[in-house]
Each structure stands twice: as structure tokens, then as C-alpha cells.
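Visitor: I'd like to learn how to read a structure like this one. Could you take me through it, feature by feature?

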Amino acid sequence: MSTLSLEHIIQKPTKTTEGKTPLLLLLHGYGSDENDLFSFASELPEHYFIISARAPIPMQPYGNAWYAISIDYDGVKTSDNEAAKESRDLIATFITEAVQEYDLDPFNVTLLGFSQGTILSYAVALSYPEKVKNVIGLSGYINEEIINLQSSASYAHLNIYNSHGTVDQVIPIDAARKTPGYLSNLGIDSTLSEFPVGHGVHPTNFYEFKEWLLKL
């Protein structure tokens, strides 16, 4: 579907709720596409309208990115933060468009990201808290340079779940361990769930965040 700002695929809810339907927006990682996280959409809570969005930057030979990542000769990784901010704003715009297009609840939007999608999920939620209620951050971290912080009071409604693999070689666990403290300083209670995996989602991790979603 291409009538909105981001290419995307959808899964309509199979269980009705009172009022408008909540949105669960899936944001994939670097080099992937909208089909990746959508592969487990059928296992997610049935009352959500699920949208899986494709990042705007095409890669070769396949896949997409929310922003470029480069590694120098010394192995130092750098991110294109300006492009990341553009994607942050694009996702925020897309949320507004999707809520209107599919007649969804603007006050019940959940972002579920993996890796680069998690970094953007945090950036969107903390820069545009009025657009997001819940965040599930898998295998990512907070990049302070792409966040436009708002007042602590504007974060009072936010619920954030984050998890990480203890042997992740793409994004080291130490980066993720900084997340709860950062959020706490903003008045957001959050803990980090750690699992004995690399850069991926442990089966127990999946069931844990699914249960977290169901309890909201």
C-alpha cells in the first residue's frame, strides 16, 4: 500500500473492542523490510490493527534502512543522525496518516521495533509523546542525538518494554543497559529484560512482551 508516507502491509483485528481499534506499528531493523516482523503478526494480540512499515531508504541488493550506518577503518560505527531525524519525523507523520486512513484510536498507538526500528521507536515516542502510548523496544538502544526531548509531564502516560540479548555482537548489551536509567530520569518506569541470545528475539522474549501487551 503506497497511499501513505510509508509503504506498509496490514493485518486487521480479529477481535473487536469498545471504541476505536488500537494501532500496533512494527518497525523493522537495518537491511530488512516490512515482511520481517510481520512474520509473527498472527501471534500478537488479536484486538490490534497491525501495520508493518517499510523503511524509506532502499539498500542493495535488497532490504531497507531508516538511516545509513558506516564503519571506519578502526571499526568505529557511526550513524547518519540527520537521516535518522528525518525518519523519526516521517514515522510520526505516518502514525497520524494511518490513524486517519484506517479510523484507529489516536490515543492507543503502540510501536514495536527491532534494532534500528527500536532506536527510531524511542526517538518517536520521546520526541512526539502525544502520538504514542506504548513502546516495545527489542535489541536497540536510545540515541540521545536524535531525540527532541519534551517536558517530563508529557511522558506520564508512556509505557515502555525493552529487551536485549546478552551476547549481541551488533549492539552490545551495555548500550541497552543504559536505557532504564535514561527513562527513569524522564519519569518513565522501565526495566531491561535480558536473554541469552545474540542480535535476535528469544522465544521466551516474545512471550514476555506479548503478555506485557495483554496487561496494558
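Guide: Let's start with burial: a residue is buried under 20% relative accessible area, exposed over 50%, and partly exposed in between, using a 1.4 Å probe and protein chains only. S115 has a relative accessible area of 8%, so S115 is buried. Before going on, some ground rules: this is a predicted model, where local features need pLDDT of at least 70, side-chain atom pairs count only at pLDDT 80 or more, and totals for chains, interfaces and linings use all residues. Residues are numbered from 1 along each chain as its sequence is written, and side-chain values use heavy atoms, with hydrogens and water left out.

Visitor: Where is S115 found, and what is S115 in contact with, leaving aside its neighbours within four places in sequence?

Guide: Contact means heavy atoms within 4.5 Å. S115 sits in the loop between β8 and α3. Its contacts, leaving aside neighbours within four places in sequence, are G29, L138, S139, G140, I171 and H199. As for G200, 85 residues away along the chain, its C-alpha is 8.8 Å from that of S115.

Visitor: What about backbone angles?

Guide: Most residues other than glycine have a negative phi, and most peptide bonds are trans. S115 isn't a glycine, yet its phi is positive, near 55°. D103 is another non-glycine with a positive phi, about 55°. D103 lies in the loop between α2 and β8 and counts as partly exposed, because its relative accessibility is 47%. For the peptide bond, look at Q60 to P61: that one is cis, with omega near 0°. P61 belongs to the loop between β4 (57-58) and β5 (64-65).

Visitor: How many helices and strands are there in the protein?

Guide: The elements are DSSP runs numbered from the N terminus: helices are H or I with at least four residues, strands E with at least two. The protein has 6 helices and 11 strands.

Visitor: How do I check a helix's length?

Guide: The expected span is 1.5 Å times one less than its number of residues. For α3 (residues 116-127), the 12 residues should span 16 Å, and the end C-alpha atoms are 16 Å apart, so the two agree. α2 (residues 81-101) has 21 residues and reaches 30 Å from first C-alpha to last, close to the 30 Å expected.

Visitor: Which residues of α2 are buried?

Guide: An α-helix has 3.6 residues a turn, so residues three or four places apart point the same way. In α2, the buried ones are N81, A83, A84, S87, R88, I91, A92, F94, I95, A98 and V99. Their cover includes β1 (8-11), β2 (21-27), β3 (49-53), β7 (77-79), β8 (104-114) and α3. As for α3, it is mostly covered, with 12 of its 12 residues buried.

Visitor: And the overall shape?

Guide: Take the radius of gyration over C-alpha atoms; the globule rule is 2.2 Å times the number of residues to the power 0.38. For 216 residues, a compact globule would come out near 17 Å, and the protein has 16 Å, so it agrees. The C-alpha atoms fill a box of roughly 55 × 40 × 35 Å along the principal axes. Of the 216 residues, 49% count as buried. Among contacts with a separation of 6 or more, 73% come from residues 24 or more positions apart.
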